[in-house]
Amino acid sequence: MRVAVTGTPGTGKTTAVESLDTDLDVIHINDVIHEEDFVVEHDEERDSAVADLDAVAEFLDGREDVLFESHLAHHFDADRVVVLRCHPEELEERLTDRGESAAKARENADSEALDVILAEAVDRHEGSVYEVDATDLTPGETAAEIAAVAAGEREPQVGTVSFVDFL
């Protein structure tokens, strides 16, 4: 079983996964990118690292019984893909509270409102995407949603969350 947990930065992926009680090996893709030196350049405009996705895919290749999380996780082979969602206003607040610039926080909020990561996940993993609105969930509640997906206790479901009112 390979479970990917993805979503716009600030949706609560890392926090929820850290609260998760699972027998799956947990891989934090962003840590792997830096530890394995998979950074190919630095995007000055966005103040973010650009990762070699082929190198990450190779790192993950052959690993089974894993759960991997990152805003990039949906780019890799997985049996189930959990897309965490968060209302853009809340997401923008979370990102600025953790020190992101107002411009970067707004860019991520707009991406969340436009379903960017959800659309990418559905495009690559149609039929195995599970959308979870984590806006008002605690990390433990979000972890329980992820665990239910990993255990096969939920059916794939997308298109139930809309933040277009933000735009």
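Two strands count as paired if DSSP finds at least two bridges between them, and strands themselves are DSSP runs of E, at least two residues long, numbered from the N terminus. Keep in mind that this is a predicted model, where local features need pLDDT of at least 70, side-chain atom pairs count only at pLDDT 80 or more, and totals for chains, interfaces and linings use all residues. Residues are numbered from 1 along each chain as its sequence is written, and side-chain values use heavy atoms, with hydrogens and water left out.

Let's start with strand 6. Strand 6 pairs with strand 7 (residues 129-133) in the parallel sense, over five bridges, and Leu 84 sits opposite Val 132 there. Strand 1 (residues 2-7) also runs parallel to strand 6, joined by five bridges, with Val 5 opposite Val 82.

Strand 6 spans residues 80-85, and six of its six residues are buried, meaning under 20% relative accessible area with a 1.4 Å probe, protein chains only; over 50% is exposed, and in between is partly exposed. In a regular strand, side chains alternate between the two faces of the sheet. Here Arg 80, Val 82 and Leu 84 point one way, while Val 81, Val 83 and Arg 85 point the other.

Now over to Asp 52, in the loop between strand 4 (48-51) and helix 3 (53-60); helices are DSSP runs of H or I, at least four residues long. Asp 52 counts as partly exposed because its relative accessibility is 29%. The Asp 52 side chain reaches the backbone nitrogen of Ala 55 at 3.0 Å.

Definitions and conventions
Polar contact = N/O pair within 3.5 Å; in protein donor to acceptor, adjacent residues only side chain to side chain.
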